[in-house]
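Good morning, and thank you for the time. I would like to present one protein model, moving from its overall form to a few individual residues.

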Amino acid sequence: MYAIVRAGGRQHKVAVGDVLEIDRIDAKPGDSVELSTILVVDGEAVTSDPWVLAGVKAHAEVVDQTKGDKIVILRYKNKTGYRRRQGHRQQHTAVRITSIDSVSK
């Protein structure tokens, strides 16, 4: 069983036990969060009806708050090296999927 969830403007394919990085959310490590589902595949049944999936959530546990890598910019200038690091580092939240609700409730 797996699901496609929406988190932070992106879509991720998740199954129980997966760890994924999403955009930062205000939660401490150990807190539980719910992610809304877009599609659920349970064995042979594929469910994508938004009315059915309105109550189906993927439950996750916050593992860590991290930052992404700095952006490295390489530009070409004749006879001189130009290597620069930009200052922005995107903040991420690592979550572990603990359960996915069943569609047949």
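I will begin with the fold as a whole and then turn to particular side chains.

Please keep in mind that this is a predicted model. Its secondary structure consists of 9 strands and 0 helices. Read from the N terminus, the order of elements is therefore simply β-β-β-β-β-β-β-β-β. How does the radius of gyration of the protein compare with the globule rule? The radius is 19 Å, whereas the rule gives 13 Å for 105 residues, so the protein is more spread out than a compact globule. The spans of the C-alpha trace along the principal axes are about 65 × 30 × 20 Å.

Next, the surface and the contacts. Of the 105 residues, 28% are buried. The accessible surface amounts to about 7200 Å², and carbon and sulfur atoms account for 47% of that area. Considering contacts between residues at least 6 apart in sequence, 65% of them join residues at least 24 apart.

I turn now to charge. The protein carries 17 positive and 13 negative side chains, and 18 Å separates the centres of the two sets. How many salt bridges does the count give? The count comes to 1 salt bridge. In that salt bridge, the side chain of Arg-10 meets that of Asp-23, at 3.5 Å from N to O. The two partners lie 13 residues apart and link distant parts of the chain, with Arg-10 in strand β2 and Asp-23 in strand β3, which covers residues 19-23. Both partners are partly exposed: Asp-23 has a relative accessible area of 21%, and Arg-10 has one of 42%.

Strand β2, residues 10-14, also holds His-12. Is His-12 buried or exposed? Its relative accessibility is 17%, so His-12 counts as buried, because the cut-off for buried is under 20%. Leaving aside residues up to four places away in sequence, His-12 touches Ala-3, Ile-4, Val-5, Ala-7, Leu-20, Glu-21 and Ile-22. Among these neighbours, Leu-20, Glu-21 and Ile-22 fall within the residue range of strand β3, 19-23.

Finally, I would draw your attention to Leu-74, which is found in strand β7, residues 72-74. With a relative accessible area of 61%, Leu-74 is exposed, since exposed begins over 50%. From C-alpha to C-alpha, Leu-74 lies 43 Å from Met-1, and the two are 73 residues apart in sequence.

That concludes the presentation, and I welcome your questions.

How values were computed: Residues numbered from 1 in each chain as written. Predicted model: local features only at pLDDT ≥ 70, side-chain atom pairs only at ≥ 80, totals over all residues. Heavy atoms only, no water. Helix = DSSP H or I, 4+ residues; strand = E, 2+ residues; numbered from the N terminus. Buried < 20%, exposed > 50% of the residue type's maximum accessible area, 1.4 Å probe, protein only. Contact = heavy atoms within 4.5 Å. Rg over C-alpha atoms; globule rule 2.2 N^0.38 Å. Areas by Shrake-Rupley, 256 points an atom, 1.4 Å probe, with all protein chains shown as cover. Lys, Arg positive; Asp, Glu negative; His and termini not counted. Charge placed at Lys NZ, Arg CZ, Asp CG, Glu CD. Salt bridge = Lys/Arg side-chain N within 4 Å of Asp/Glu carboxyl O.
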